[in-house]
Amino acid sequence: MQGGAVFIKKILIELTGTQRYGNEDAMIEISTFGTIRDDGAAYVLKYREEPEPPAQSVDVTVRIAKDESYVHMTRNGGATGTLLIEKEKRQTSNYSTGFGEMLMVVYGRSIKANADEGRFEFEYDIEINGAVASENRVLIEITPAE
């Protein structure tokens, strides 16, 4: 995935997300097909989450800057929202849950983008009322789809 040329490629996405709330850990694993596109400045991954009924599907776009400065995630469908993670910066984000809108502060701890190895990783904290509510880590591994 070198060279900066624009391309769209079908991929298998293996996503593992971990969240730590105090002393409790939660994990989510998603395996789905999607696409990756290199737009010159960032890698753009697109995929669909298919939750259990009656929940509606969600189209997810993850934009990971090649210079590892930010990750921008948007969700549209059954759940909508935007999450901007900037390395070593705090950002205020609105996020829609099944229970309503939530305003939160996101602090980006680290971002790693290695498209040649098919591995993207980012860590961030979510703060509510000035206190860390959760520590989060997302690992996305991709392989070409057959």
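How many aromatic pairs does the count come to? The count comes to 2 aromatic pairs, where rings of Phe, Tyr and Trp (its six-membered ring) pair if their centres lie within 6.5 Å, with planes under 30 degrees apart counted as stacked, over 60 as edge-to-face and the rest as tilted.

The model is predicted, so that local features need pLDDT of at least 70 and side-chain atom pairs count only at pLDDT 80 or more, while totals for chains, interfaces and linings use all residues. Residues are numbered from 1 along each chain as its sequence is written, and side-chain values use heavy atoms, with hydrogens and water left out.

**View 1. The ring pair of Tyr43 and Phe120.** The two ring centres are 5.6 Å apart and the planes stand at 55°, so the pair is tilted. Tyr43 lies in strand S3 (residues 42-49) and Phe120 in strand S9, 77 residues apart, so that the pair links distant parts of the chain; strands here are DSSP runs (E, at least two residues), numbered from the N terminus. Both Tyr43 and Phe120 are buried, that is, under 20% relative accessible area (1.4 Å probe, protein chains only).

**View 2. The ring pair of Phe122 and Tyr124.** Here the centres are 6.3 Å apart with the planes at 25°, so this pair is stacked, and Phe122 and Tyr124 are both buried.

**View 3. The hairpin of S9 and S10.** Strands S9 (residues 119-128) and S10 (residues 131-144) run antiparallel and are joined by 10 bridges, where pairing requires that DSSP finds at least two bridges. Ile128 stands opposite Ala131 in S10, and Asn129, in the turn, has a positive phi of about 55°.

Note on methods:
Helices (H or I, at least four residues) and strands (E, at least two) are DSSP runs, numbered from the N terminus. Buried means under 20% relative accessible area, exposed over 50%, partly exposed in between (1.4 Å probe, protein chains only).
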